[in-house]
Amino acid sequence: MGFEEEYQAFLNAHLQARSGERFRRLQEGHNQAELLFLKQVWWPLFYHFKYLHPEYEVDDFKDGKRYLDFAYIRPSMRICFEIDGGMALT
């Protein structure tokens, strides 16, 4: 499958597994900048979205919740990716 099909499957799988605020954040918080990151950076490097979690919920230091744009989680590592949506890519 190509990027579009894999991306839709990736997003749908995460939407189906979520509810409440986690669902809303993924639906509303996953925007053009995140899509461009996946399409122009992630996909050309890996050709899959395995182990990647969009709008990943973590506890912050004040007992609140934060949402990372992406978390890459493997047994031996956890990497956070934050995407700045303030710039337009051409």
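Predicted model: local features only at pLDDT ≥ 70, side-chain atom pairs only at ≥ 80, totals over all residues.
A residue is called buried when its relative accessible area is under 20%, exposed when it is over 50%, and partly exposed in between.

Rings are taken as a pair if their centres lie within 6.5 Å. The count comes to 13 aromatic pairs. Trp43 and Phe49 form one of them: the ring centres are 5.4 Å apart and the planes stand at 35°. Planes under 30 degrees apart would count as stacked and planes over 60 as edge-to-face, so the pair of Trp43 and Phe49 is tilted.

Tyr51 and Tyr72 make another pair. Their ring centres are 6.2 Å apart and their planes are at 85°, so this pair is edge-to-face. Tyr51 lies in the loop between helix H3 (32-46) and strand S1 (52-59), while Tyr72 belongs to strand S2 (residues 65-74). The pair therefore ties together parts that are 21 residues apart in sequence. As for accessibility, Tyr72 is buried, with a relative accessible area of 13%, whereas Tyr51 counts as partly exposed, at 31% relative accessibility.

Tyr51 has a charged neighbour as well: the charged end of Arg74 sits over the Tyr51 ring, 4.0 Å from the centre of that ring.

Tyr51 and Tyr72 also belong to one aromatic cluster, which is formed by Phe37, Trp42, Phe46, Tyr51, Phe70, Tyr72 and Phe81.

Conventions. Residues numbered from 1 in each chain as written. Heavy atoms only, no water. Phe/Tyr/Trp six-rings, centres within 6.5 Å; stacked < 30°, edge-to-face > 60°. Helix = DSSP H or I, 4+ residues; strand = E, 2+ residues; numbered from the N terminus. Buried < 20%, exposed > 50% of the residue type's maximum accessible area, 1.4 Å probe, protein only. Lys NZ or Arg CZ within 6 Å of the ring centre and 35° of its normal.
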